[in-house]
Amino acid sequence: MSDPYASRTAVHEETADGFGTVRVLPLDPEADAEVIHRWVSEDRAAFWGMNDLTERQVADIYAHMATLTTHHAFLLVRDGEPVALLQTYEPEADRVSECYDVRPGDIGIHLLLAPPGPGGARTGWTARLVAVIAGYVLLGLGRRRVVVDPDVRNEKAVDRFRALGFAQGPVVVLPEIDLPDVYLPEKKAQLAFLEREILFPG
């Protein structure tokens with residue numbers, strides 16, 4: 001089967017024994033809208049806040065994000081199959097900065113996994129993907145700490161980050177954002193942090 005993503009340039013690529021090759025591709029708002037819309041429309045993605053959007057609206061959101069220098073979106077592709085949506089952001093340019101003391105070298109991420117395939121959920125799958133993401137943001141981008149802010153009601157995500165080695169921070173309330181180009185409702189979030197030394201000592 002040919003890889004429809006093969007012609008696209010990756011910002012990061014890793015091959016792991018027994019897992020395959022994962023490529024981190026800058027999101028193409030038009031070409032990737034169908035896949036992303038399918039994922040964010042599912043009930044399990046309710047905390048992503050896009051359940052009721054049309055494919056066009058999803059494309060427009062990511063087209064707007066592509067104009068920003070502080071927020072970026074990526075499609076993770078494993079052996080030609082899209083497996084996750086990654087968003088990175090500069091915490092000082094995000095509402096989360098109102099809720100904790102941002103350190104130099106911090107980078108924020110949001111992660112949405114693709115739905116499990118026909119074989120169902122696979123043990124260790126998320127850990128392998130997060131290891132690739134960590135390699136990209138902590139080593140490739142030279143950052144010192146990853147920040148995540150899942151909704152406190154999203155216990156699955158909170159527990160997942162804790163299991164992956166993230167240190168739990170405070171529960172905070174991210175303020176509502178109401179701008180012409182973006183609207184985000186108030187969000188009660190569980191902050192968590194992953195220091196580079198935890199995964200990459202020395």
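Student: Which residues line the largest cavity?

Tutor: In this predicted model, the lining is made up of P150, V158, F161, R162, F166, Q168, Q190 and A192. The space inside comes to about 40 Å³.

Student: How does anyone find empty space inside a protein?

Tutor: Rolling a probe the size of a water molecule over the atoms shows where empty space is left. Here, a search of the whole structure turns up two cavities of 30 Å³ or more.

Student: Which element gives the largest share of the lining of the largest cavity?

Tutor: That is α4, with three residues. Both α4 and β10 supply at least two residues each.

Student: I see F166 in that lining. What does F166 touch?

Tutor: Leaving out residues up to four places away in sequence, F166 touches V146, V148, F161, A192, F193 and L194.

Student: How should I read a nonpolar core?

Tutor: In soluble globular proteins, nonpolar side chains tend to be buried together. The largest nonpolar core here has 29 residues, and F166 is among those with the most contacts inside it, along with L76, L129, V146 and V148. Elements giving two or more residues to this core include β2, β3, α3, α4 and β10. The largest share, nine residues, comes from α3. A second, separate core has 18 residues, including L27, A73, L75 and A114.

Student: Now for a charged residue: is R196 buried or exposed?

Tutor: R196, in helix α5, is buried, yet has no salt bridge. Setting aside neighbours within four places in sequence, R196 is in contact with L138, L139, G142, R143 and R144.

Note on methods: Residues numbered from 1 in each chain as written. Predicted model: local features only at pLDDT ≥ 70, side-chain atom pairs only at ≥ 80, totals over all residues. Heavy atoms only, no water. Helix = DSSP H or I, 4+ residues; strand = E, 2+ residues; numbered from the N terminus. Buried < 20%, exposed > 50% of the residue type's maximum accessible area, 1.4 Å probe, protein only. Lys, Arg positive; Asp, Glu negative; His and termini not counted. Salt bridge = Lys/Arg side-chain N within 4 Å of Asp/Glu carboxyl O. Contact = heavy atoms within 4.5 Å. Core = buried A, V, L, I, M, F, W, Y, C linked by side-chain atoms within 4.5 Å. 1 Å grid on protein atoms, 1.4 Å probe; cavity = no way out; pocket = protein on both sides within 12 Å on 5 of 7 lines; lining within 4 Å. Points joined across faces, edges and corners; volume = space filled by probe spheres on them.
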